[in-house]
Amino acid sequence: MRIRSALTATAAAGALAVAVAAPAQATEYSSALKITGVQYDAPGRDSNSCSTGNTRDEYLTIKNYSRSTTVNLKGYFVKDATGNRFTFGSNHYLQPGDYVKLRGGHGTDSNAHNVVYRQNCNFIWNNDKDTIYLYKPSGAHADTHAYTKSGNDRDGNGYITFHG
């Protein structure tokens, strides 16, 4: 009987630990918007020249995983581990299942073409490793992904996919 009681108590404690741990994971993905991928290393040699550089080829893809809610990106912001930051300053609507590519460089934002430009010719993501943070307009955490070139980019093409 003591063995059965000890096993029952151990199983109950394990179930409680799983139940307590679950909210932390759920908090990480509490937003309909999630980072689905990053082209952290633009193809070719990096050049942040506004006229001839390739910062437009570095981008972050954000998807609306909601089944029924359209999300306005205005006020959402992304930043890296060192604090480089971009805030979506204009209305940009993501329908359920839709995505946007946040590109470096200069260009015209377009809902129809699912693109927003940072209007900055500097690279934001490091080519070896970085952490990408996505925040709601309220400042609440929406999603975070850390990567390393050696650990996450197995084919070496400079692109990493998150959330399948």
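A residue is termed buried when its relative accessible area is under 20%, exposed when the area is over 50%, and partly exposed in between (1.4 Å probe, protein chains only). By this scale tyrosine 147, at a relative accessible area of 2%, is buried. The structure is a predicted model, in which local features need pLDDT of at least 70, side-chain atom pairs count only at pLDDT 80 or more, and totals for chains, interfaces and linings use all residues. Residues are numbered from 1 along each chain as its sequence is written, and side-chain values use heavy atoms, with hydrogens and water left out.

The pLDDT, the predictor's confidence in each residue on a scale from 0 to 100, averages 85 for the protein, and 81% of the residues score at least 70. Over residues 1-28 the pLDDT stays under 50. For this segment the model has 5 contacts (heavy atoms within 4.5 Å) beyond four places in sequence. Where pLDDT is low, the predicted coordinates should not be read in detail.

Aromatic rings of Phe, Tyr and Trp (its six-membered ring) were paired if their centres lie within 6.5 Å; planes under 30 degrees apart count as stacked, over 60 as edge-to-face and the rest as tilted. The count by this rule is 5 aromatic pairs. The ring centres of tyrosine 40 and tyrosine 147 lie 4.9 Å apart with planes at 35 degrees, so this pair is tilted. Strands are DSSP runs (E, at least two residues), numbered from the N terminus. Because tyrosine 40 lies in the loop between strand 1 (33-39) and strand 2 (59-64), and tyrosine 147 in strand 10 (residues 141-148), the pair ties together parts 107 residues apart in sequence. Tyrosine 40 is buried, at 0% relative accessibility.

A further tilted pair joins tyrosine 59 and tyrosine 159, with 6.0 Å from centre to centre and 40 degrees between the planes. Tyrosine 59 belongs to strand 2 and tyrosine 159 to strand 11 (residues 159-161), 100 residues apart. Tyrosine 59 is buried at 13%, whereas tyrosine 159 is partly exposed at 23%. Ring pairs also link Phe77, Tyr133 and Tyr135 into a cluster.

One disulfide (cysteine sulfur atoms within 2.5 Å) was counted. Cysteine 50 and cysteine 121 form this bond, with sulfur atoms 2.1 Å apart. The torsion about their S-S bond is about 125 degrees, so the disulfide is right-handed. Cysteine 50 is exposed at 54%, while cysteine 121 is buried at 6%.

Notes. Helix = DSSP H or I, 4+ residues; strand = E, 2+ residues; numbered from the N terminus.
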